[in-house]
Amino acid sequence: MDFERPIVTVDIVLLTLRDSHLHAGLTRRDKAPALGAWTLPGGWVHTDQDQDADEAAARILRDKAGLVSPYLEQLRTFSGMHRDSRGWSLSVSYYAVVPEPVGEPAGERFRWAPVDGLRSLPFDHAQILRTAVERVRSKTLYSSLPVHLMPAEFTLGALQRTYEQVLGATLDKRGFRRRIEELDVIEEIPGAFTSGGSHRPAQLYRKKAHAPALKTATSNLPVG
């Protein structure tokens, strides 16, 4: 018996912090439907090339955004007969985080946009985006996820501000530092400090080379 095959794609919510706010990476579509519209980076699964959906997601990030994310995780599957005008479709969605890129993206087919200002996107990409942002903010409360938003070297103060910017809330300094010690995913850079200025030099830190991609704590951070 022959069965009609659904459309199978992968879509990625790519997030970074810019100007103290979460931004999502968008790509401009070069074909119908939604020709010329800004959407989440996505594409077909290449059955002759991709070993699985994870590999397809990593490939699409490289091709559409020119980036390799230090953290890429499957979000959920979105499916249905009405999400794509071409037919019954299924999207395996992912979310990824990257440190703030240096400079603007090359070309005219990729840009960053504040997530809180993205109310409408083609297909069901607005729903995918909202689901991913909720997941990232939830995981920020109990995990090391925001460490992947940091540059190669950073201070504990900068890391706390990153957590706060993702959450949109203030954290107690001592409680936050206890949590970071518990997670044990960063380390001091021996002899490395910020260049004083008007403030006392601060110790610089980095991600531990062999730390797992994500570590979780037993409870949520208290937010103010």
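Helices (H or I, at least four residues) and strands (E, at least two) are DSSP runs, numbered from the N terminus. The model is predicted, so local features need pLDDT of at least 70 and side-chain atom pairs count only at pLDDT 80 or more, while totals for chains, interfaces and linings use all residues. Residues are numbered from 1 along each chain as its sequence is written, and side-chain values use heavy atoms, with hydrogens and water left out.

**Stop 1: the whole chain**

Show the protein as a cartoon. Its secondary structure comes to four helices and nine strands. Starting at the N terminus, the elements follow the order β-β-β-β-α-β-β-β-α-α-α-β-β. The C-alpha trace spans about 70 × 40 × 35 Å along its principal axes.

Of the 224 residues, 46% count as buried. Buried means under 20% relative accessible area, exposed means over 50%, and partly exposed is in between (1.4 Å probe, protein chains only).

**Stop 2: two domains**

Colour residues 7-140 and 143-207 separately. These are domain 1 and domain 2; the bounds come from an automatic or database domain assignment. Taken over C-alpha atoms, the domain centres are 28 Å apart. The contact between them takes 16 residues from domain 1 and 13 residues from domain 2. Contact here means heavy atoms within 4.5 Å. Among contacts in the protein between residues at least 6 apart in sequence, 64% join residues at least 24 apart.

**Stop 3: the nonpolar cores**

A nonpolar core is a set of buried Ala, Val, Leu, Ile, Met, Phe, Trp, Tyr and Cys residues joined through side-chain atoms within 4.5 Å. Select V13, L15, L22, L26, Y95, V115 and L129: of the 26 residues in the largest core, these touch the most other members. At least two residues of this core come from each of β1 (7-18), β2 (21-28), β5 (71-80), β6 (89-97) and α2 (125-140). The largest share, six residues, is supplied by α2. Domain 1 and domain 2 each give this core at least three residues.

Which residues is L129 in contact with, leaving aside its neighbours within four places in sequence? Select L129 and look for V13, A24, L40, V115, L118 and L121.

Then move to the second, separate core, which has 19 residues, including V147, L156, I186 and A217.

**Stop 4: a loop residue, D172**

Select D172, in the loop between α3 (156-167) and α4 (173-183). D172 has a relative accessible area of 46%, so it counts as partly exposed. A polar atom of the D172 side chain lies 2.7 Å from the backbone nitrogen of G175.

**Stop 5: salt bridges**

Side chains of opposite charge can pair when their charged atoms come close. A salt bridge is a side-chain nitrogen of Lys or Arg within 4 Å of a carboxyl oxygen of Asp or Glu. By this rule the count comes to eight.

Begin with D50 and R59, whose side chains meet in a salt bridge of 2.8 Å, N to O. Are these residues buried or exposed? D50 is buried, at 9% relative accessibility, and R59 is buried too, at 6%.

Next, select E182 and R179, a salt bridge in which the closest N and O atoms are 3.5 Å apart. Because E182 and R179 are three residues apart in helix α4, about one helical turn separates them. E182 is partly exposed, with a relative accessible area of 41%, whereas R179 is buried, at 7%.

Finish with D184 and K208, a salt bridge whose closest N and O atoms are 2.6 Å apart. This pair links distant parts of the chain, 24 residues apart: D184 is in the loop between α4 and β8 (186-193), and K208 is in the segment after β9 (203-207). D184 is partly exposed, with a relative accessible area of 37%, and K208 is also partly exposed, at 28% relative accessibility.

Note on methods. A polar contact is a pair of N or O atoms within 3.5 Å; within protein, one must be able to donate a hydrogen and the other to accept it, and residues adjacent in sequence count only if both atoms are side-chain atoms.
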